Amino acid sequence: MREKLTKSDVQKIQEEIDHRKLVVRPECLEAVKEARAQGDLSENFEYHAAKREKNINESRIRYLENMLKNAIIISDASKEDEVGLNKNVTLYMEDDDEEEVYKLVTSIRGNSMNNMISTESPLGKAILHHKVGDRVEVKISDTYSYFVVVRKIEQSGDEEDQIRKF
């Protein structure tokens, strides 16, 4: 699947790749080298753990490079008064009679535990490009949907959101 990434996402992914190549990779190689020097490799736990960490790092580098290679770059620009990427949105949940605040993000940054919802999620798709006061139907399936009202839209500060690890 081709990920939709903003320029900021691409920059953060490239920073992680660079860090893994320039800092983590040499550390892993040194750990493997030190563990190998301890002798018999068949019963050397440190050697196997060091090799595992090295392989995990190399897999993550390949995953991120592949993501960048196949990514679709999207703009995070939106009108001031509409729901868009990297904006905090206060929603009134009609069924629950309460308000919740969400930040709309790309799929690799989605983290429902921190109220960061992806534009690919049912809620994210439904509220994208709506304005304050709009009543929006969030369709979950053919048989279930619910309504939310957009109460407030604010530009989010560019805090250090983590790229989700897979």
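# Charges, core and loops: a chat about a predicted model

Author: Let's start on the surface, where Asp95, Asp96, Asp97 and Glu98 gather in a patch of negative charge. Keep in mind that this is a predicted model.

Reader: What makes the patch of Asp95, Asp96, Asp97 and Glu98 negative?

Author: Asp and Glu count as negative, and the patch is made of Asp95, Asp96, Asp97 and Glu98, so the label follows.

Reader: Where does aspartate 97 lie, and why is aspartate 97 called exposed?

Author: Aspartate 97 lies in the loop between β3 (87–93) and β4 (98–105). Its relative accessible area is 56%, and exposed means over 50%, so aspartate 97 is exposed.

Reader: What is there to say about phi of aspartate 97?

Author: Phi of aspartate 97 is near 55°, which is positive, in a residue other than glycine. Most residues other than glycine have a negative phi. Asparagine 86 also has a positive phi, near 60°.

Reader: Where is asparagine 86 found, and is asparagine 86 buried or exposed?

Author: Asparagine 86 is found in the loop between β2 (72–73) and β3. Buried means under 20%, and asparagine 86 has 11% relative accessibility, so asparagine 86 counts as buried.

Reader: What about glutamate 80: how do you know whether glutamate 80 is buried or exposed?

Author: Glutamate 80 lies in the loop between β2 and β3. The cut-off for exposed is over 50%; glutamate 80 comes in at 69% relative accessibility, so glutamate 80 counts as exposed. Glutamate 80 is 75 residues from glutamine 155 in sequence, with 8.1 Å between them in space, C-alpha to C-alpha.

Reader: Now the inside. Which residues touch the most other members of the largest nonpolar core?

Author: That core has 16 residues, and Val83, Leu91, Leu123, Ile127, Val148 and Val150 touch the most other members. Two or more residues each come from β3, β4, α3 (122–127), β6 (135–139) and β7 (145–155). β7 gives the most, with four residues.

Reader: Why is valine 105 called buried?

Author: Valine 105 has 0% relative accessibility, and buried means under 20%, so valine 105 counts as buried. Valine 105 lies in strand β4. In sequence valine 105 and glycine 84 are 21 residues apart, and in space 8.5 Å, C-alpha to C-alpha.

Reader: And lysine 152, what makes lysine 152 partly exposed?

Author: Lysine 152 is at 41% relative accessibility, so lysine 152 counts as partly exposed. The place of lysine 152 is in strand β7. Lysine 152 and valine 89 are 63 residues apart in sequence, yet 5.7 Å apart in space, C-alpha to C-alpha.

Reader: How many salt bridges does the structure hold?

Author: The structure holds eleven salt bridges. Side chains of opposite charge can pair when their charged atoms come close.

Reader: How do you know that lysine 4 and glutamate 120 meet in a salt bridge?

Author: Their side chains are 3.7 Å apart, N to O, and the cut-off is within 4 Å, so the pair counts as a salt bridge. This pair links distant parts of the chain, 116 residues apart: lysine 4 is in strand β1 (residues 4–5), and glutamate 120 is in the loop between β5 (116–118) and α3. Lysine 4, at 38% relative accessibility, counts as partly exposed, and glutamate 120, at 34%, counts as partly exposed too.

Reader: What about arginine 20 and glutamate 16: why are they separated by about one helical turn?

Author: Arginine 20 and glutamate 16 are four residues apart in helix α1 (residues 7–36), so about one helical turn separates them. Their side chains meet in a salt bridge at 2.9 Å, N to O. Both arginine 20 and glutamate 16 are buried. A network of salt bridges links Glu16, Arg20 and Arg60.

Reader: And what makes the pair of glutamate 53 and arginine 52 a salt bridge?

Author: The distance is 3.8 Å, N to O, and the cut-off is within 4 Å, so glutamate 53 and arginine 52 qualify. With a relative accessible area of 43%, glutamate 53 is partly exposed. Arginine 52 has 53% and exposed means over 50%, so arginine 52 is exposed.

Note on methods. Residues numbered from 1 in each chain as written. Predicted model: local features only at pLDDT ≥ 70, side-chain atom pairs only at ≥ 80, totals over all residues. Heavy atoms only, no water. Patch = residues over 30% accessible without salt bridge, like charges linked within 9 Å, V, L, I, M, F, W, Y side chains within 5 Å. Areas by Shrake-Rupley, 256 points an atom, 1.4 Å probe, with all protein chains shown as cover. Charge placed at Lys NZ, Arg CZ, Asp CG, Glu CD. Buried < 20%, exposed > 50% of the residue type's maximum accessible area, 1.4 Å probe, protein only. Core = buried A, V, L, I, M, F, W, Y, C linked by side-chain atoms within 4.5 Å.
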